[in-house]
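I opened the notebook to record what I looked up in this structure. The entries follow in the order I made them.

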Amino acid sequence: LRTVLARMHLATGRLLSTRPLSEDQESLVVSVAENATELLGMLDTIMDLSEMNTGVVKPPRNVVQLVDLLTELVDLFDMAAAEKHVALSLTCGSDVLVLGDSNRLRRAFANLIDNAVKYTQPGGRIEVHAGSGKGGVVVTVSDTGIGIPADDINQIFSRYYRADKSRGGIGHGLGLSLTMAIVQLHGGTISVESELGKGAKFSILLPAGAVDPPN
């Protein structure tokens, strides 16, 4: 599948660069290229999910400083939030450590913040918090957005599930299932509290990390 999609992307690139096209033709070719890129991204996500769910992937035991990781993400999404007139803030302890794969953890937290930005109306707020508690490190992403219907709460982490009027309404239903898989890969848990029309709060509990003493 990757090979076929890569060929499609290459073919559209050549078509755009070597042939004079009308405005409508160019628009169609660009659309095909964008769809091929999106499908490649979906395929990578599905493969990543499968590897994590079957136990093929073992995360590295690297020390991850969450204040740095979350600060980077909040800075990244701040412009998108500001464009919607949504306040995005971060509260994080100065020395909150976990062990694992920083890239995968970044992707998990990014999915939650991205969803919060998408589903929070102008004038709302998003709060990201990280600190010690409950025998580990707790990271929460809460918002004042549209919320999640009670009937969908238990299904939003299922692969491909999209609720009609909730956070699953945009995309392909892979973001939250990927987030859960990453959290579980790191020995953690994820939960959500929500009230329709009043927002949602996602909570991730991860084992606390520590720097291994020298031998």
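I began with a term: a contact means heavy atoms within 4.5 Å. I noted that this is a predicted model, in which local features need pLDDT of at least 70, side-chain atom pairs count only at pLDDT 80 or more, and totals for chains, interfaces and linings use all residues. Residues are numbered from 1 along each chain as its sequence is written, and side-chain values use heavy atoms, with hydrogens and water left out.

**Entry: Arg104**

I looked up what Arg104 touches. Leaving aside neighbours within four places in sequence, Arg104 is in contact with Asp48, Met52, Val57, Ile182, Leu185 and His186. Arg104 lies in helix α4, residues 102–118. Helices here are DSSP runs (H or I, at least four residues), strands are too (E, at least two), and both are numbered from the N terminus.

Is Arg104 buried or exposed? Arg104 counts as buried because its relative accessibility is 17%. Buried means under 20% relative accessible area, exposed over 50%, and partly exposed in between, with a 1.4 Å probe and protein chains only.

**Entry: Met180**

I found Met180 in helix α5, residues 175–185. Its relative accessibility is 22%, so Met180 counts as partly exposed. Not counting residues up to four places away in sequence, Met180 touches Phe157 and Ile190. I also checked Leu73, 107 residues from Met180 along the chain; their C-alpha atoms are separated by 18 Å.

**Entry: α3 and α4**

Two packed helices are described by the angle between their axes and the distance between the axes. Axes are lines fitted to C-alpha atoms, for helices over the stretch in contact, and angles run from 0 to 180 degrees between N-to-C directions. For helix α3 (residues 66–83) and α4, I noted an angle of about 35° and axes 10 Å apart.

I listed the residues that meet. In α3 they include Leu66, Leu69, Leu73 and Phe77, and in α4 they include Leu105, Phe109, Ile113 and Val117. By class, this contact has 12 nonpolar, one polar and three charged residues. Ala, Val, Leu, Ile, Met, Phe, Trp, Tyr, Cys and Pro count as nonpolar, Asp, Glu, Lys and Arg as charged, and the others, Gly among them, as polar.

**Entry: the whole chain**

I counted five helices and seven strands in the chain. From the N terminus on, the elements run α-α-β-α-β-β-α-β-β-α-β-β. The C-alpha trace spans about 60 × 50 × 30 Å along its principal axes. Of the 215 residues, 41% count as buried. Among contacts between residues at least 6 apart in sequence, 70% join residues at least 24 apart.
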